[in-house]
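I opened my notebook to look up a few features of a structure. Here are my entries, in the order I made them.

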Amino acid sequence: MALRTLAAKKTLSLALGGARPLAAAARGVTTVALPDLSYDFGALEPAISGEIMRLHHQKHHATYVANYNKALEQLDAAIAKGDASAVVQLQGAIKFNGGGHVNHSIFWKNLKPISEGGGEPPHGKLGWAIDEDFGSFEALVKKMNAEGAALQGSGWVWLALDKEAKKLLVETTANQDPLVTEGASLVPLLGIDVWEHAYYLQYKNVRPDYLNNIWKVMNWKYAGEVYENVLA
Amino acid sequence: MPPPAPLFLSLPSPPPPLLPVHHPKAPQALTLNRPLTSSRKPALPTRPVASLAPAVATRQYDWTRKQNFGLFSAAGDKFYGNLEAQFWSWLDTCWFRIRRQGGLSRRYSKILSYYGLTTPPYKLDALEPYMSRRTVELHWGKHHQDYVEGLNKQLASSPLYGYTLEELIKEAYNNGNPLPEYNNAAQVWNHHFFWESMQPEGGGLPEGGVLQQIEKDFGSFTNFREEFISSALQLLGSGWVWLVLKRNERKLSVVHTRNAISPLAFGDIPIASLDLWEHAYYLDYKDDRRTYITNFMDHLISWDTVTLRMMRAESFVNLGEPNIPVA
């Protein structure tokens, strides 16, 4: 079962991202590819159901990748032609789909099955920084849950590192805006997708339950690595 | 052996006076902790001046007039002091206490409900198979209900009182700087509007005047349908897509808005709407937004309601020269 899903994942990503660069690279546009998950779709149960993970990765993220590549090609053509209004008009699609790709790529790395260490609180430098900036780990979780639940519509809630001020912050972005739109010096450590497609099939309208449960599969190790790399 | 003490002497003492006791204008409050004895006569309190009296103070027992209705026998006077005086003072404090807590009725109601949840004009499973009963149940019973309850909770401690829902939306929109009540209020209205924009066995073509107006403003019905679908697909994120009658341009148009915003904010008249928040279609269509939109257009939209709304909108917007028959 796992082998089949792995095979399916690989062929799909090859079809979407792999074949494209050969054609588009001839015109000089570097396109993006759908990244693979390092775990099965069902590995994050019961925090996030396998159905949601499959749809989220294969449909939503794949759509963002495809539309972003298309927008990039159109942008390339518009720049070559010197069509400024077309360039400007494409910015919405690029921000949305490109942001969706960037955000979801981070999101997959933020999650880890419980059996592989998901949910373990952070140790080391990140742990101390959290205690310093938020008081305690529980306070950070409570703050992120509150901001995520209060977010109107669709968006993301982030644990961000301000690399200039060397401080941790909790930020929210709307729709698929990447974290850099909130500040150029912000580096995302953890992101939680609070679009309804990320939890509706399992949690229906109870977003707070989703936010409480996602911490059980949070990959703090990745966040710690990013933190130490940026501040090194 | 002293006669038995009246019951009110054992009740809790009244709250302290609002003016400090040493203040020259403070009335001398008679406390029941220390009932009057005949050996010590109380100093006569000055009549409290109305403007300095606390706002909730009412009729004070007027010592200067020494009213005595003969409610108590004189037998207890020796031991308890002037019972009548104390009784009236105690009664005054009861009013004082009630008024201070805001009256008796507010004591028992915690939340004043201002707006209610309206019901869709069809059964919950009437829109199958294009919108499942489960979706309508959740969408109306949980999401719409939560917006209503959230709005009422916010309004319990908000100065926005006494508006109709549309007025409240306009007020809370605050010309682009929405107040915290805006989201809940707008979503309550939007969802009510949305339920009424649909009907079982809807879709198809409108008739008569509405069709004429659509053909005038969009070229043809097919054009309108394509424009509606493409506008809905162009919306990124959560929002709504509307068939709206624009007041200034005096024509029908298709617009999409983000999150909770509705054309009411721009002063236009909405005619039909489609909810593009993911909770509206995710259970039925997962990520296939296009099918949801085309199904709405082909099978759900209620042209009868659209006709009624257009009829009402025509009283606000002059859509053209009237056809006055010449005799």
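**Entry: a bend in a helix**

I began with a definition: the bend at a residue is the angle between axes fitted to the seven residues ending there and the seven starting there. I also noted that helices (H or I, at least four residues) and strands (E, at least two) are DSSP runs, numbered from the N terminus. With that, I looked at α3(A), and it bends by about 30 degrees at Gln91(A).

Then I checked the span of this helix. The expected span is 1.5 Å times one less than the number of residues. Helix α3 of chain A covers residues 84-110, which is 27 residues, so it should span 39 Å. The C-alpha atoms at its ends are 38 Å apart, which agrees.

**Entry: ground rules**

This is a predicted model, in which local features need pLDDT of at least 70 and side-chain atom pairs count only at pLDDT 80 or more, while totals for chains, interfaces and linings use all residues. Residues are numbered from 1 along each chain as its sequence is written, chains are lettered from A and ligands numbered from 1 in the order in which they are written, and side-chain values use heavy atoms, with hydrogens and water left out.

**Entry: confidence**

I looked up the scores next. The predictor gives the complex an ipTM of 0.84 and a pTM of 0.74. pLDDT is the predictor's confidence in each residue, from 0 to 100. Chain B averages 79, and 71% of its residues score at least 70. Over residues 29-43 of chain B the pLDDT is below 50. That stretch has 18 contacts in the model beyond near neighbours in sequence; contact means heavy atoms within 4.5 Å. Residues 106-112 of chain B also stay under 50, with 4 contacts beyond four places in sequence.

**Entry: chain A overall**

How many helices and strands does chain A have? I found 8 helices and 3 strands. Along the sequence, the pattern runs α-α-α-α-α-β-β-β-α-α-α. Chain A has 232 residues, and 52% count as buried. Buried means under 20% relative accessible area, exposed over 50%, and partly exposed in between (1.4 Å probe, protein chains only). The accessible surface of chain A is about 10600 Å², and 57% of this belongs to carbon and sulfur atoms. These areas come from the Shrake-Rupley method with a 1.4 Å probe. I also looked at contacts between residues at least 6 apart in the sequence of chain A: 67% of them join residues at least 24 apart.

**Entry: Val157(A)**

I picked a residue in strand β1 (residues 155-162) of chain A, namely Val157(A). Is Val157(A) buried or exposed? Val157(A) has a relative accessible area of 0%, so it counts as buried. Beyond four places in sequence, its contacts include Met144(A), Val170(A), Leu190(A) and Ile192(A). Val88(A) is 69 residues from Val157(A) in sequence, and their C-alpha atoms are 28 Å apart.

**Entry: nonpolar cores**

A nonpolar core is a set of buried Ala, Val, Leu, Ile, Met, Phe, Trp, Tyr and Cys residues joined through side-chain atoms within 4.5 Å. Which residues touch the most other members of the largest core? They are Phe224(B), Tyr292(B) and Trp303(B), in a core of 66 residues. Helix α6(B) gives the most to this core, with 8 residues. A second, separate core has 58 residues, including Leu55(A) and Trp195(A). In soluble globular proteins, nonpolar side chains tend to be buried together.

I went back to Phe224(B). Leaving out residues up to four places away in sequence, Phe224(B) touches Ile214(B), Phe218(B), Leu243(B), Val254(B), Met297(B) and Trp303(B).

**Entry: Asn184(B)**

I also checked a residue of helix α6 (residues 181-196) of chain B, Asn184(B). With a relative accessible area of 13%, Asn184(B) is buried. Beyond four places in sequence, Asn184(B) is in contact with Tyr147(B), Gly150(B), Leu151(B) and Gln154(B).

**Entry: backbone details**

I found a cis peptide bond from Glu45(A) to Pro46(A), with omega near -10 degrees. Pro46(A) is in the loop between α1 (2-25) and α2 (50-81) of chain A. Another cis peptide bond joins Glu128(B) and Pro129(B), with omega about -5 degrees.

Last, I looked at Asn259(B), a residue other than glycine with a positive phi, near 45 degrees. Asn259(B) sits in the loop between β2 (251-258) and β3 (269-275) of chain B.
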